[in-house]
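Subject: Handover of a structure and the findings on it

Dear colleague,

Please find below the structure that I am handing over to you, together with its sequence.

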Amino acid sequence: MSIFRRLRASGPRLLPELDDVKLGRVRRQLNSPGMPGQVSIQVDQVERLLQEAGADWDRRGHRIAVLAEAAAPSGVSRTWRLRAPRGGDPLVFEAWVELVRGRHAGRMEDAAAAAGYCHRAAEALPDDPTPWVALLGILRLTRAPSRELFTVWHEVTSRDPWNREAHLQMLRYLSPEECGSRSSQLDFVHAVRAGVPSAAPATGVELTALVDEHARTLARGGVEGLLVRRQWSNHRAAGALDAALAGWLVPGRLAYAAARADLNLLAYALVQAGRVRESGTAFELIGETVTPWPWSLDGEPLRQFGYWQSKALA
């Protein structure tokens, strides 16, 4: 059976864990109906999964982010923290769960307490960037002054120079919708582009900024919204797409944890740029693993993805 027939047979799915099979199993356990004693079992599963990631900061950060989202409605993080109150992993997991809850609510219930978990986790795990990444997210959500964010940014990048989540947090913080401006965001993108290796976890920052700009233009509406595709033909956007096409589409080239998320990003950008035929290899590498963003910008993500995938692979 060809890959194209397999894709049509199985169909696209929203998989937060992307291609991390072990992470997917634990995520589903966290989402399953509660039973007596189950929280303790779930804590053990989360603990083992994070320990298994070791010093692979990219994989570890991806796992914490996905598990925190799944655990946010439950008491798993609190149970783990109370069981090991000085443990770095329980503390950073509790902080990340509080960040997830804050994002959903639009505000932090107790930002100071969550930040405290980050600082205590950083003391217990001095080489790990993850507590600082969580703190960066908390500061962004609370609209903290830029000097505070850049101090934490230095802590992250001194440990993990191309941390994907940290770069995306800074990109959005510096946007005109949050605490920056279009020029400050462009300056950040230019600085990243000048140094980021082509297959590093932060390689998608420029393309993310371009899709954000695309969404911003659509939201304004009017003539600009009708002519939004034109912005993909300018030198900066076309160059970013060409570079991604040249550097991302060799199988196995993007080996970081969220690689399929960035391939979704590339496929979407190519579609918006009117380069559907060139998106076929990206859709082929994605397979059935769909990310809600950016497909949700145009409607129901699975429907949007399936429509464009079928056209690209026809």
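A residue is called buried when its relative accessible area is under 20%, exposed when it is over 50%, and partly exposed in between. Please also bear in mind that this is a predicted model.

In total, the structure contains 26 salt bridges. One of them is formed by Arg 83 and Asp 44, whose closest N and O atoms are 2.8 Å apart. This pair, too, links distant parts of the chain, since Arg 83 is in helix H5 (residues 76–83) and Asp 44 is in helix H3 (residues 38–53), 39 residues apart. Arg 83 has a relative accessible area of 42% and is therefore partly exposed. Asp 44, at 28%, is partly exposed as well.

A further salt bridge brings together the side chains of Glu 165 and Arg 103, at 3.5 Å from N to O. Glu 165 lies in helix H10 (residues 164–173) and Arg 103 in helix H6, 62 residues apart, and the pair links distant parts of the chain. Glu 165 has a relative accessibility of 25% and so counts as partly exposed; Arg 103, at 37%, is likewise partly exposed.

There is also a network of salt bridges, which links Asp 20, Lys 22, Glu 52, Arg 59 and Arg 63.

The largest pocket has a volume of about 1,200 Å³. It is lined by 37 residues, and those closest to its centre are Ala 65, Arg 103, Arg 164, Glu 165 and Leu 168. Which element gives the most to this lining? It is H4, with 8 residues. By class, the lining of the largest pocket consists of 19 nonpolar, 8 polar and 10 charged residues.

The second largest pocket holds about 260 Å³ of space. Of its 15 lining residues, Val 196, Thr 203, Glu 206, Ala 243 and Trp 248 are the closest to the centre. Helix H11 (182–195), helix H12 (205–220) and helix H14 (235–248) each supply at least two residues of this lining, and H14 provides the largest share, with 5 residues. The lining of the second largest pocket has 10 nonpolar, 3 polar and 2 charged residues.

**Cysteines**

A disulfide is a covalent bond between the sulfur atoms of two cysteines. For this structure the count is 0 disulfides. Cys 118 takes part in none, as the nearest cysteine sulfur, that of Cys 179, is 18 Å away, whereas a disulfide requires the two sulfur atoms to be within 2.5 Å. Cys 118 is buried, with a relative accessibility of 2%. Cys 179 is partly exposed, with a relative accessible area of 35%.

Yours sincerely

Terms used:
Residues are numbered from 1 along each chain as its sequence is written. This is a predicted model: local features need pLDDT of at least 70, side-chain atom pairs count only at pLDDT 80 or more; totals for chains, interfaces and linings use all residues. Side-chain values use heavy atoms; hydrogens and water are left out. A salt bridge is a side-chain nitrogen of Lys or Arg within 4 Å of a carboxyl oxygen of Asp or Glu. Helices (H or I, at least four residues) and strands (E, at least two) are DSSP runs, numbered from the N terminus. Buried means under 20% relative accessible area, exposed over 50%, partly exposed in between (1.4 Å probe, protein chains only). On a 1 Å grid over the protein atoms alone, a cavity is a set of points where a 1.4 Å probe fits but cannot get out, and a pocket is an open set with protein on both sides within 12 Å along at least five of seven lines; lining residues have an atom within 4 Å of a point. Grid points are joined across faces, edges and corners, and a volume is the space filled by probe spheres set on the points. Ala, Val, Leu, Ile, Met, Phe, Trp, Tyr, Cys and Pro count as nonpolar, Asp, Glu, Lys and Arg as charged, and the others, Gly among them, as polar.
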